[in-house]
Amino acid sequence: MIYETHTHFDDKAFDIDRDEAIREAMAAGVTRFVNVGASLEGSIRSMELADKYPEFLAAVGVHPEECASLSEADIGLLEEYAERENVVAIGEIGLDYYWDKPERDIQKKWFAAQIALARKVKLPVIIHSREAAQDTYDILKAEKADETGGILHCFSYGCEMAKQFLDMGFYIGVGGVVTFKNAKKLKEVVGYLPLDRIVTETDSPYMAPVPMRGKRNTSAYLPYIVKQIADIKGVSVEEVEKVTYDNAVRLFGK
Ligand code: NI
């Protein structure tokens, strides 16, 4: 049993074979999925998937790259969505200084607003943070995200930052990058993290693990990620599956 904590099956990359791809992932041993919204439309599609499949849960939120046109009314909409039974997190939200658009002040404003929403509706947050470690940490701290908890998704920082986020009560999302030969830093971080603070994810359709690197990613490839974590930690695949599954259940409540 594998828990997929971050997938985008609503993405247009799955328009041609969505149901089949989801069935393949289930056949590969994935029994629970959080489909993560990256925009308002994506949040709605995530809830639709959660309505359709009992194995699916939804996260609703707006990704930093999509936040330029947000309004207070949109935050009100997200609040309505968040009241639904199968919505378990606010995300993905955060800061992206790699693409660096829209401008940082706008990203920060809507990041903070969505953390405040998460506190209000008492849901954890799923964080996208790229080349923005310190600002991410500072805003989470200022907005009291230690009260909501959550996941640092697709973690790309070093052990020191990881420790700070662990101290705030967060889990670290590990995906396909951990299988890349040149992913020395992430492998070190996985070696450092206690297994009971790691959650598994693909971020599909992006970031396919080796040996599927470069292809469309899907949750069916999660076993490659689990295997790599098991090898780094020197424990069995079954142990990684069980502990990371329990971690996700503890965080999302189901
Ligand atoms: Ni994502």
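**Figure 1. Arginine side chains over aromatic rings.** Arginine 130 is placed over the face of tyrosine 98, 3.7 Å from the ring centre. The structure shown here and in the following views is a predicted model.

Figure 2. Twelve aromatic pairs are present in the structure. In one of them, phenylalanine 9 and phenylalanine 14, the ring centres are 4.7 Å apart and the planes meet at 55°, so the pair is classed as tilted. Both phenylalanine 9 and phenylalanine 14 are buried. The pair of phenylalanine 33 and phenylalanine 56 is stacked, with 4.5 Å from centre to centre and 15° between the planes. This pair links distant parts of the chain, since phenylalanine 33 belongs to strand β2 (residues 30–36) and phenylalanine 56 to strand β3 (residues 56–60), 23 residues apart. Phenylalanine 33 and phenylalanine 56 are likewise buried. One aromatic cluster is formed by Phe9, Phe14, Phe33, Tyr53 and Phe56.

**Figure 3. The nickel site.** The nickel ion has as its protein donors His6 (NE2), His8 (NE2), Glu92 (OE) and Asp203 (OD), which lie 2.2 Å from the ion. The angles among the four donor atoms run from 86 to 172°, and the site is irregular. For reference, ideal angles are 109.5 degrees for four tetrahedral donors. Along the chain, the donors of the nickel ion have the spacing H-x1-H-x83-E-x110-D. Histidine 8 is in the loop between β1 (2–7) and α1 (18–27), while glutamate 92 is in strand β4 (residues 87–96), so this pair ties together parts that are 84 residues apart in sequence. Both histidine 8 and glutamate 92 are buried.

**Figure 4. The largest pocket and its lining.** The largest pocket holds about 890 Å³ of space. Its lining comprises 34 residues, and those nearest the pocket centre are His63, Glu65, His128, Asp203 and Tyr206. Two or more lining residues are given by each of α2 (40–52), β4 and β5 (125–130). The largest share comes from β5, with three residues. Asp203 is also one of the protein donors of the nickel ion.

**Figure 5. Cis peptide bonds.** The peptide bond that joins lysine 101 and proline 102 is cis, with omega about -10°. Proline 102 is located in the loop between β4 and α4. A cis peptide bond also runs from serine 204 to proline 205, with omega near 15°. Proline 205 is part of the loop between β8 (198–200) and α8 (222–233). As background, most peptide bonds are trans.

Figure 6. Most residues other than glycine have a negative phi. Aspartate 100, although not a glycine, has a positive phi of about 60°. Aspartate 100 sits in the loop between β4 and α4 and is partly exposed, with a relative accessible area of 31%. Lysine 122, also not a glycine, has a positive phi of about 55°. Lysine 122 lies in the loop between α4 and β5 and counts as exposed, at 71% relative accessibility.

**Figure 7. Lysine 109 in helix α4.** Lysine 109 belongs to helix α4 (residues 104–121). With a relative accessible area of 48%, lysine 109 is partly exposed, because the cut-off for exposed is over 50%. The C-alpha atoms of lysine 109 and glycine 94 are separated by 10.0 Å, and the two residues are 15 residues apart along the chain.

Notes:
Residues are numbered from 1 along each chain as its sequence is written. This is a predicted model: local features need pLDDT of at least 70, side-chain atom pairs count only at pLDDT 80 or more; totals for chains, interfaces and linings use all residues. Side-chain values use heavy atoms; hydrogens and water are left out. Rings of Phe, Tyr and Trp (its six-membered ring) pair if their centres lie within 6.5 Å; planes under 30 degrees apart count as stacked, over 60 as edge-to-face and the rest as tilted. Buried means under 20% relative accessible area, exposed over 50%, partly exposed in between (1.4 Å probe, protein chains only). Helices (H or I, at least four residues) and strands (E, at least two) are DSSP runs, numbered from the N terminus. A charge sits over a ring if NZ of Lys or CZ of Arg is within 6 Å of the ring centre and within 35 degrees of the ring normal. Donors are N, O and S atoms within 2.8 Å of the metal (3.2 Å for Na, K and Ca); water is not among the atoms, so sites may look incomplete. Four donors count as tetrahedral if all angles lie between 85 and 135 degrees; four count as square planar and six as octahedral if opposite donors are over 155 degrees apart and all others between 65 and 115; anything else is irregular. On a 1 Å grid over the protein atoms alone, a cavity is a set of points where a 1.4 Å probe fits but cannot get out, and a pocket is an open set with protein on both sides within 12 Å along at least five of seven lines; lining residues have an atom within 4 Å of a point. Grid points are joined across faces, edges and corners, and a volume is the space filled by probe spheres set on the points.
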